Each structure stands twice: as structure tokens, then as C-alpha cells.
Amino acid sequence: DDDVLIQAELDLTLFATRIAPALSITRRFVGEEPYCPVTAKYNQTMRWILPAHGVELVEIPRKQTEDGLIISASSVRAALLEGDDAKLKRLVPDTTYAYLHSEQAAPVIARLRAAKTKA
């Protein structure tokens with residue numbers, strides 16, 4: 001937690017004091033993060049650092065399926081790793097679903113499964 005917080009503070013302070021002024025950025029849009037603790041901590045840190053430097057933070061709620069399933073890269077990866085095709089179909093557009101079942105996607109999915117095995 002300390003490492004994540006320190007990295008987030010450094011990154012956001014750099015953004016708020018150097019990048020935002022140079023590009024005249026006064027508002028930053030981010031998606032809410034219900035699944036990934038690292039990204040959730042980053043979003044939480046943005047809530048206090050950005051406004052202190054004149055940058056408004058707008059957090060956008062995640063899109064949900066008709067039955068309330070939150071759509072995110074994390075939930076898509078989980079469905080892939082679990083082999084839950086029905087859930088995957090609800091989370092992604094038809095074109096993405098087709099890609100994920102193509103030969104082109106096979107190496108990507110294999111790397112994802114290998115990374116999960118190491119974790």
C-alpha cells in the first residue's frame with residue numbers, strides 16, 4: 001500500500017504541476033474502479049491531489065450489463081481465465097467476442113493464462 005501511494009503521489013504531482021499546466025488541462029476524466037485495488041488507490045489519490053492544483057476530477061461510473069455486471073478489463077480477463085463464455089459474451093461487443101475466439105487471440109490468451117499461473 002505504501003509503495004502504491006508513494007508512486008501515485010509522485011505521478012499525480014508531476015501531472016498536476018507540470019503536464020496539466022503545460023497543456024492547459026483543467027479537468028481529468030477517469031473511470032471508477034471497483035475491482036483493482038491499485039487503480040482504486042490511484043483514483044483515491046487523484047481526489048485530493050488534483051483539486052489542490054486546480055484540476056477537477058470527474059469519475060465516471062462503469063458501464064454495466066443489463067443484469068448489473070460491471071464491465072471492466074478485469075472482469076473480461078476473469079471470464080477468459082475461468083472459461084466462462086456466457087459471462088464473456090455479456091461483457092464485450094460481438095466483434096471483441098469474435099476476436100477472443102480467433103486464432104489471432106490465442107497467443108494473447110495463452111500469455112494471460114501463463115501470467116495468472118505465476119501470480
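**Helix packing and ring contacts**

Helix 3 (residues 73–82) and helix 6 (residues 106–118) cross at roughly 90°, and their axes come within 10 Å. Axes are lines fitted to C-alpha atoms, for helices over the stretch in contact, with angles between N-to-C directions running from 0 to 180 degrees; helices are DSSP runs of H or I with at least four residues, numbered from the N terminus. This is a predicted model, in which local features need pLDDT of at least 70 and side-chain atom pairs pLDDT 80 or more, while totals for chains, interfaces and linings use all residues. Residues are numbered from 1 along each chain as its sequence is written, and side-chain values use heavy atoms, without hydrogens or water.

**Helix 3 and helix 6**
- Helix 3 and helix 6 are therefore roughly perpendicular (65 to 115 degrees; under 35 is roughly parallel, over 145 roughly antiparallel, the rest oblique).
- Arg77, Leu80 and Leu81 of helix 3 contact Ile109, Leu112, Arg113 and Lys116 of helix 6 (heavy atoms within 4.5 Å).
- The residues of this contact comprise four nonpolar, no polar and three charged; Ala, Val, Leu, Ile, Met, Phe, Trp, Tyr, Cys and Pro count as nonpolar, Asp, Glu, Lys and Arg as charged, and the others, Gly among them, as polar.

**Helix 1 and helix 2**
- The axes of helix 1 (residues 2–23) and helix 2 (residues 37–52) lie 9 Å apart at an angle of about 45°.
- The two helices, helix 1 and helix 2, are therefore oblique to each other.
- Residues of helix 1 in the contact include Leu5, Ala8, Leu12 and Phe15, and those of helix 2 include Tyr42, Met46 and Ile49.
- The residues of the contact of helix 1 with helix 2 are twelve nonpolar, two polar and three charged.

**Charges over rings**
- Arg28 sits over the face of Phe15, 4.5 Å from the ring centre (CZ of Arg or NZ of Lys within 6 Å of the centre and within 35 degrees of the ring normal).
- Lys89 lies over the face of Tyr97, at 4.6 Å from the ring centre.
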